Amino acid sequence: KMATAPLGFNIDAPRWDQSTFVGRLKHFLNITDPRTVLVPEKELDRAKALVEGCRAGLVPPGSSREQLLYAKKLYDSAFHPDSGEKMNLIGRMSFQVPGGMALTGCMLQFYRTVPAVVFWQWVNQSFNAIVNYTNRNAASPISLRQIGVAYVTATGTALATAVGLNLYTKRAPPLLARWVPFAAVAAANCVNIPMMRQQEIINGVTVTDGDNNELGCSRRAAAKGIAQVVVSRITMAAPGMIILPIIMERLEKFPFMQRIRVLHGPLQVLLCGGFLLFMVPAACALFPQRCSLALADLELELRDSIVAKYGDKVPYVYFNKGL
């Protein structure tokens with residue numbers, strides 16, 4: 001038996017105002033909660049069934065608003081917003097804190113030798129490729145060949161940047177050498193994300209009006225969304241990879257730190273986790289998930305077709321920018 005959903009309750013309505021940074025921050029603090037990574041698959045499937053039932057107006061008898069909101073939290077953390085398919089664990093934004101803290105900590109700790117730089121940048125770009133593919137706009141399919149080219153190009157960019165700067169900073173102040181991993185990560189993000197989402201740039205992404213009626217596909221919308229994602233990803237990494245090296249540079253001068261060198265790596269991993277706990281949702285919240293573009297900024301043909309059909313009733317179009 002099923003009961004009707006609570007009167008006036010819309011499970012897809014945002015709990016917080018998505019037009020403000022604070023509202024988006026609360027939203028992403030909720031769905032990037034790393035604890036959701038530990039939720040069993042069966043519970044995620046039950047959450048999806050509950051959300052889909054609630055959309056149809058039917059829920060299990062006795063379901064409270066809190067239970068429905070928790071189910072939506074699990075659903076948003078594990079299922080793609082476009083396709084509704086369950087995302088792989090590594091690619092979920094809720095995995096960014098545990099995965100990112102381990103990789104960032106290791107990149108910041110093992111930066112002194114070229115083999116170490118090469119290994120950890122390769123591991124990090126492999127992780128990034130999975131994240132970028134998982135969080136793409138799912139309406140734009142990408143072939144295995146394109147995925148391979150994107151992965152190789154981004155990894156090559158990261159390695160060239162890291163190794164080149166690593167050799168250049170041998171005679172520079174020690175702190176500059178500690179910032180090499182961030183330069184490599186930032187450079188790779190500028191390549192990895194556009195390459196992994198190249199189909200969106202080639203074919204455009206689906207844009208809609210304010211009522212979610214499809215209007216066509218826009219390459220300019222895709223470019224705007226991808227550019228915002230690149231900025232968000234670099235922002236996500238920046239505080240931990242810029243500030244933490246300064247902290248470690250000063251800490252390592254203390255005698256007690258010199259006696260526990262073996263703990264420097266785990267310490268950096270934990271500190272990275274502290275940065276990422278806040279920076280993952282903060283970076284995701286920089287721009288609205290449902291991105292908008294003025295009609296005047298669209299391609300001429302698409303703009304003309306919208307005007308011909310709707311007149312001046314559609315001043316802005318909307319699309320999912322990805323994460």
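**Entry 1, domains.** I worked from a predicted model. I looked up the domain assignment of the protein chain and found domain 1 (3–86) and domain 2 (93–320). I then checked the spacing: the C-alpha centres of domain 1 and domain 2 lie 26 Å apart. For the contact, I noted 17 residues from domain 1 and 23 residues from domain 2.

**Entry 2, buried area.** I looked up the area next. The size of an interface is often given as the accessible area lost when the parts come together. Here domain 1 and domain 2 bury about 1400 Å² between them, and carbon and sulfur atoms hold 68% of that area. On the domain 1 side, I listed Arg24, Phe28 and Thr32 as the residues that lose the most area to domain 2. Together these three make up 33% of what the domain 1 side buries.

I looked for salt bridges between domain 1 and domain 2, and the count is 0. For polar contact, I noted 2 residue pairs between domain 1 and domain 2, both at pLDDT 80 or more.

I turned to the second largest pocket, which has a volume of about 160 Å³. I counted 10 lining residues, and those closest to the pocket centre are His80, Ser83, Glu85, Thr134 and Arg136. I sorted the lining into 3 nonpolar, 4 polar and 3 charged residues.

Notes. Residues are numbered from 1 along each chain as its sequence is written. This is a predicted model: local features need pLDDT of at least 70, side-chain atom pairs count only at pLDDT 80 or more; totals for chains, interfaces and linings use all residues. Side-chain values use heavy atoms; hydrogens and water are left out. On a 1 Å grid over the protein atoms alone, a cavity is a set of points where a 1.4 Å probe fits but cannot get out, and a pocket is an open set with protein on both sides within 12 Å along at least five of seven lines; lining residues have an atom within 4 Å of a point. Grid points are joined across faces, edges and corners, and a volume is the space filled by probe spheres set on the points. Ala, Val, Leu, Ile, Met, Phe, Trp, Tyr, Cys and Pro count as nonpolar, Asp, Glu, Lys and Arg as charged, and the others, Gly among them, as polar. Domain bounds come from an automatic or database domain assignment. Contact means heavy atoms within 4.5 Å. Buried area is the accessible area (1.4 Å probe) that two parts lose on being put together, summed over both. A salt bridge is a side-chain nitrogen of Lys or Arg within 4 Å of a carboxyl oxygen of Asp or Glu. A polar contact is a pair of N or O atoms within 3.5 Å; within protein, one must be able to donate a hydrogen and the other to accept it, and residues adjacent in sequence count only if both atoms are side-chain atoms.
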